[in-house]
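I opened my notebook for a first look around this structure. Here is what I looked up, entry by entry.

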Amino acid sequence: MRKAILAATAAVVVAAGPAWALFESNKELAANARIPLDEAVKNAVKVVPGKAVEADLGKERDRVVWKIEVIDQNNKSQTVYVDAQNGQARQDK
């Protein structure tokens, strides 16, 4: 079930496209991403334990990043950015 959710999320990300990456197509962003979605989610929940509920691929400061929304243990939504080149995750505060 978890793999199905991740696959569905990936399909939505590729099909819909994030609003914050208007000038590059998802194909261009995906071509520059070394870290796949499932690995990015694993790294995100290491930083913020909980359940990943949404993911977008975009650009931040000229880097391709995964923007992952995680519902934490207190039932609050947290944003985690995962560098799509090296997998480094950081929480948006």
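I began with Glu39, and I found it in helix H3, which covers residues 37-47. This is a predicted model, so I kept that in mind throughout.

Next I checked Glu39 against Gly87. They sit 48 residues apart along the chain, yet their C-alpha atoms are separated by 7.7 Å.

Then I stepped back to the whole protein. I counted 3 helices and 4 strands, and along the sequence they run α-α-α-β-β-β-β. Of the 93 residues, 34% are buried. The protein exposes about 6100 Å², with carbon and sulfur atoms supplying 52% of that area.

I also looked at contacts between residues at least 6 apart in sequence: 46% of them join residues at least 24 apart.

My last stop was the second largest pocket, with a volume of about 160 Å³. Which strands each supply at least two residues of its lining? I noted strand E2 (63-72), strand E3 (77-83) and strand E4 (89-91). The largest share, 3 residues, comes from E3.

I wrote down some of the lining residues, among them Glu60, Arg61, Tyr81, Asp83 and Gln88. By type, the lining divides into 4 nonpolar, 1 polar and 5 charged residues.

Conventions: Residues are numbered from 1 along each chain as its sequence is written. This is a predicted model: local features need pLDDT of at least 70, side-chain atom pairs count only at pLDDT 80 or more; totals for chains, interfaces and linings use all residues. Side-chain values use heavy atoms; hydrogens and water are left out. Buried means under 20% relative accessible area, exposed over 50%, partly exposed in between (1.4 Å probe, protein chains only). Contact means heavy atoms within 4.5 Å. Accessible areas come from the Shrake-Rupley method with a 1.4 Å probe; for residues, only the protein chains shown count as cover. On a 1 Å grid over the protein atoms alone, a cavity is a set of points where a 1.4 Å probe fits but cannot get out, and a pocket is an open set with protein on both sides within 12 Å along at least five of seven lines; lining residues have an atom within 4 Å of a point. Grid points are joined across faces, edges and corners, and a volume is the space filled by probe spheres set on the points. Ala, Val, Leu, Ile, Met, Phe, Trp, Tyr, Cys and Pro count as nonpolar, Asp, Glu, Lys and Arg as charged, and the others, Gly among them, as polar.
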